[in-house]
Amino acid sequence: MGVALTKSAQWTAAGYGTGTLEITPLNEAILKEIIMFVESFIYKHPKEAKYVFVEPLEWKTSLDLSAFESGYVVSETTAKSEEVDKNGQPLLFLSVPQIKIRSFGQLSHFLFMAKDAKLKEAQACIEANRDPVAKILGSEYNTMKEDSTALNILDKITKDDDPEIEIKIKIAMLLKQLDLHLLNHSLKHISLEIRLNPVSVKKDIELLKRFSGKGEQTVLESIEYTSDYEFSNGCRAPPWRQIRGEMCYVMVKPHDVETLCVTCSAKGVFLNGGKTDDEGDIDYERKGEIYKDLVTFLKEKSAKFSENMSKHVIDFKEEQKEMDQLGEAAKEEAGTFQKAISGSDKRSLEKNQINFGKNQMAKRLAPSLNWKATVNYKDKSSGKDSQEEKRGGKLESRRKSSAPPGRAQLLRKSVERIEEISDSSSESEENEETPEHRQEANADLPSEYWQIQKLVKYLKGGNQTATVIALCSMRDFNLAQETCQLAIRDVGGLEVLINLLDTDEVKCKIGSLKILKEISHNPQIRRSIVDLGGLPIMVNILDSPHKSLKCLAAETIANVAKFRRARQVVRKHGGITRLVALLDCAQSSAEPMQSSLYEARDVEVARCGALALWSCSKSYANKEAIRKAGGIPLLARLLKTSHENMLIPVVGTLQECASEENYRAAIKAERIIENLVKNLSSENEQLQEHCAMAIYQCAEDEETRDLVRLHGGLKPLASLLNNTDNKERLAAVTGAIWKCSISKENVTKFREYKAIETLVGLLTDQPEEVLVNVVGALGECCQEYENRVIIRKCGGIQPLVNLLVGINQALLVNVTKAVGACAMEPESMTIIDRLDGVRLLWSLLKNPHPDVKASAAWALCPCIQNAKDAGEMVRSFVGGLELVVNLLKSDNKEVLASVCAAITNIAKDQENLAVITDHGVVPLLSKLANTNNDKLRRHLAEAISRCCMWGRNRVAFGEHKAVAPLVRYLKSNDTNVHRATAQALYQLSEDADNCITMHENGAVKLLLAMVGSPDQELQEAAAGCISNIRRLALATEKARYT
Amino acid sequence: MNRKKLQKLTDTLTKNCKHFNTFEVNYLIKLFYNLVGEGVERQGTAIGLDRNAFRNILHMTFGMTDDMIMDRVFRGFDKDNDGCVNVTEWINGLSLFLRGSLEEKMKYCFEVFDLNGDGFISKEEMFHMLKNSLLKQPSEEDPDEGIKDLVEITLKKMDRDHDGKLSFADYEQAVREETLLLEAFGPCLPDPKSQMEFEAQVFKDPNDFNDM
């Protein structure tokens, strides 16, 4: 009972204590159930009825003393039961108006006596005793903590066999049963309850809006939402209010009263506290009664409104007529031909029944369009119907009296059904946006809708001739417009159009594809086409002997295959191979063509094929399929043509595919780069963009970069930099420049073309996609001295340092690299230092992404090398050194290598070396020693050799077992590793124990080989190390013999 | 028919025919006489395919079904209006039928659709031609309503000068914009499939083409 009372019963105000139960059907039902339970208690469980409550249930009763008859001792102001407990206390004690009852038996009696006032008494009792269970059985039986209670009870049972406890448990169980029963009961009730939903509310408001405005005739002066933003579920209330079932707030200004601020919630419509003056917030607290809908509410509040409403009833009637027309059409669809039944009420009722059944059917089937169409219509009609009813309810009661009483119920139920269904359809990720649009279409159906519906009817019921006429006529609508696109879908046109594709009638196929091609620009239509299985049919049409048909099918596929599932379907049905085959037509483009319905130029066929492939190539598996179908040579051949229309899809496909290694190799092999470069100089911006994009993708490969240069592609790229209006193209061009400038020769060329200056100019006021590429390119250019000077002279350092505060990860990686490269120049370094760039770099070590961390650490190395007073600078970063040392705990090899390099530079300063030693750099470095990564080995060895310079670090490295792994580094193939390791070993060999370890691990032999190296530093370090080992050996021998 | 005569006939007809080469004409003439039957020629006067025979060909070979349209096609072939298609009319007709340019086809189709030959396709003519194009729905009060509506739709689409009937200029303009409307009121040209089958069957030997 406790759960049901706290959760289901509707208390007026939130919070405990003050609340009273609202008079709602639900509460009434709950109370009735409780009364029944208590009344029958005395018969069903006579033993338990005698049980005395732990605490009496106490409340103010309105029952008169006179009501008490036999079995009670009645005095002037009190009444008590003859029945008493063990201690002689009466089980019922009334001292007007306070009553205390202590057993179920008395409770039952009392309710008998209360007769008609039962409900009131029960309510008062529940209100006064918010937790009856606790009072009856004691607090440990409070059902709210049921798990633990069960255990406690069990405990008690095992401890003693007190009969009272047994009764208690019995009662507890009974109460729990009641609780469950109440919950189930209230659930049933809730499901029956009328709840408003956003759609109906929206329609209400929409309709009222149409009849609002200045003047005497309108129903309202104005009606406005308080918020313009509509959530996808149709609500406008903020999410934390939506939880309470509130959907939107409306400011209504009737003619005769002040502006009302109204809350529309699922429970109904009520007046809220209004807008607070200063911030425009709404006081959400309820200030008035709940009405079942907006119109009833307004009728109550404004006399003028209800007066004018009655005048407008005629208008509404007209609307209903329109609706009925629609209804008829729907009936036809359903296949039920019925003579029009006189009396619009009856008709609409029937209509709803028909659709009701249909709906349920549709629910079981997959989401078919037919179903969508009917839901669509129904949503509208039933919504309006109920509105109409609400609005006209009182005024037209006579007219309506013939309508069966269950009608309203039925209507509302069907509205609910619709809600359910549209919910279930929106579960799939792809339909998410559809319900919203459907509503929009509902709001006001344009005349096109009816005309299209008629045409679809002819499509369905006509022979070839009629079909062609209907198709041609349909093409006269503005098919680019969403209303028309959705209208075709909503009246079931898509199925017919797709069906036509499956016939033998070439003309019908052509006509149908011409329409599908246009409307498939709409994402919702695309999905519907796929859902209806349109793609496999279109793929089959690609085999048709008629070229115009092939073209249209390919173009439609190009439009439809804009999302993943569609692309997959195309591939699975062999579409890729067929599309690639279309590309093959283009050889004999010169052949004379008679203008015929069925023919098209071969070039056109190839173009459409390329267009479809372009769409399809966005999926990885399709890229593979295109390659396997031999698409690359064909694309390469098409690339030699000079038609822009052809080139854009071809280059687009190539650019899309160039993300795959296989393609890049093939592109190189097919000599495609040459043509890409050629088309960079085209007039068409889109073509330029795709070419640049393709080069960007391919230029990861060194040979390709050289090819771009050899074919003269760098100059057009550089000159395209000057046009910055088209950001997409600019991003593609800068991307191509970035990748190309990885080759030094290319950088030299770019310098010649003054591209570096232009790039510096692009460091400000550009979108991030452009910036990433620009900075990347500059980072590559900076590897050369001359370019670093140019960048400094153009004032490029400041904007670069400014970009260090960004958050785009790719951008940060590139910026740190560029800044690091600039820092190699002492003169630039002073500027960076002045701009506080080192601090910014240092703070990027905290960036969550390892790439950024590593890149920042690399950039710090030249900064520390070239800064004046580097030691002091580094120390000035509070906590900086600790941060660096702790990064040695990272598990990313690149981060580790970069941090080792940074430590090498930091350790050049004795004081800093002391600090990092204190932070435990030695054990951390030693721990890393067991690695196979040559890059890490090299920088680790360098760091170790630097860190040996302080205190007893040499010994410490030995103690932490760093020496033996280091010796193994000498077996690596990388001379850089050799040099660094030899230097580290030389430093370590100053300690005798380390010498022994080295000797034991066979270092001498390896080092001896290094002495012969051409690398002087390596020679020197190796020799130094050997001499240290040797000297120790000599010393031991000497000691032994003397 | 002897070789010499055939040769001569072929030559004359080829000269006047734009779309067929000698060999194609040759095959078509042979086909014609096969269809007509040798005997008819000897007996003299009207050599050719009468209305029924021709309609039979249209139906069997080119898959046409609409009686009225087939009648009109026959009239289109039978230029001299003598009630039968002779060999010249056969060759010329087929030339347009199979290889005609859009312009020729438009002219031909318009003539087919202009039932009374007054140079206009009137609403009544349209109605006449479209009356069987919609599935009859018994529920409708006026079973012709759909057809009437279809006529209106067509008129809206094609009647450029808004005079309530289609002139050739109207028709031509509409067809140039949307080739699908060429056979707007019924199929009066062979559909591409049966056309290909016919050609494949008649011009059997592909080598002959190359000798041209």
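What percentage of the 1042 residues in chain A is buried? Buried residues make up 55% of chain A, where buried means under 20% relative accessible area, exposed over 50% and partly exposed in between, with a 1.4 Å probe and protein chains only. The model is predicted: local features need pLDDT of at least 70, side-chain atom pairs count only at pLDDT 80 or more, and totals for chains, interfaces and linings use all residues. Residues are numbered from 1 along each chain as its sequence is written, chains are lettered from A and ligands numbered from 1 in the order in which they are written, and side-chain values use heavy atoms, with hydrogens and water left out.

Chain A holds 58 helices and ten strands. Helices (H or I, at least four residues) and strands (E, at least two) are DSSP runs, numbered from the N terminus. Of the contacts in chain A with a separation of 6 or more, 68% join residues 24 or more positions apart; contact means heavy atoms within 4.5 Å. Chain B has twelve helices and four strands. Of its 212 residues, 47% count as buried. In chain B, residues 24 or more positions apart account for 60% of the contacts with a separation of 6 or more.

In soluble globular proteins, nonpolar side chains tend to be buried together. A nonpolar core is here a set of buried Ala, Val, Leu, Ile, Met, Phe, Trp, Tyr and Cys residues joined through side-chain atoms within 4.5 Å. The largest such core has 280 residues. Within this core, B:Trp90 and B:Phe97 have the most contacts. Helix α28 of chain A (residues 602-616) gives the most to this core, with nine residues. Neighbours within four places in sequence aside, B:Phe97 is in contact with B:Leu58, B:Phe62, B:Met64, B:Val73, B:Phe77, B:Lys105, B:Tyr108, B:Cys188, B:Leu189 and B:Pro190. Another core, of 41 residues, lies apart from the largest one. Its members include A:Ile35, A:Leu111, A:Leu137 and A:Leu174.

Two packed helices are described by the angle between their axes and the distance between the axes. Axes are lines fitted to C-alpha atoms, for helices over the stretch in contact, and angles run from 0 to 180 degrees between N-to-C directions. In chain A, the axes of helix α55 (residues 975-988) and helix α58 (residues 1016-1041) come within 8 Å and cross at roughly 30°. The two helices are therefore roughly parallel to each other; angles under 35 degrees count as roughly parallel, over 145 as roughly antiparallel, 65 to 115 as roughly perpendicular and the rest as oblique. From α55(A), the contact is made by A:His978, A:Arg979, A:Ala982, A:Gln983, A:Leu985 and A:Tyr986. From α58(A) come A:Glu1017, A:Leu1018, A:Ala1021, A:Ala1022, A:Gly1024, A:Cys1025 and A:Asn1028. By class, this contact has seven nonpolar, four polar and two charged residues. Ala, Val, Leu, Ile, Met, Phe, Trp, Tyr, Cys and Pro count as nonpolar, Asp, Glu, Lys and Arg as charged, and the others, Gly among them, as polar.

A second pair in chain A is formed by helix α37 (residues 727-740) and helix α40 (residues 768-781), which pack at an angle of about 20° with their axes 8 Å apart. That angle makes α37(A) roughly parallel to α40(A). The contact is made by A:Lys727, A:Leu730, A:Ala731, A:Thr734, A:Gly735, A:Ile737 and A:Trp738 of α37(A), together with A:Glu769, A:Val770, A:Val772, A:Asn773, A:Val774, A:Gly776, A:Ala777 and A:Glu780 of α40(A). Its residues divide into eight nonpolar, four polar and three charged.

Individual residues were also examined. A:Leu582 lies in helix α27 (residues 575-583) of chain A. A:Leu582 is buried, at 2% relative accessible area. Residues up to four places away in sequence not counted, A:Leu582 touches A:Leu542, A:Lys550, A:Ala554, A:Val605, A:Ala606 and A:Gly609. Its C-alpha atom is separated by 8.5 Å from that of A:Arg607, 25 residues apart along the chain.

A:Glu660 is found in the loop between α31 (644-657) and α32 (661-669) of chain A. This residue is buried, with a relative accessible area of 18%. A:Asp869 lies in the loop between α46 (850-866) and α47 (870-876) of chain A. Although not a glycine, A:Asp869 has a positive phi of about 55°. A:Asp869 is exposed, at 61% relative accessible area.
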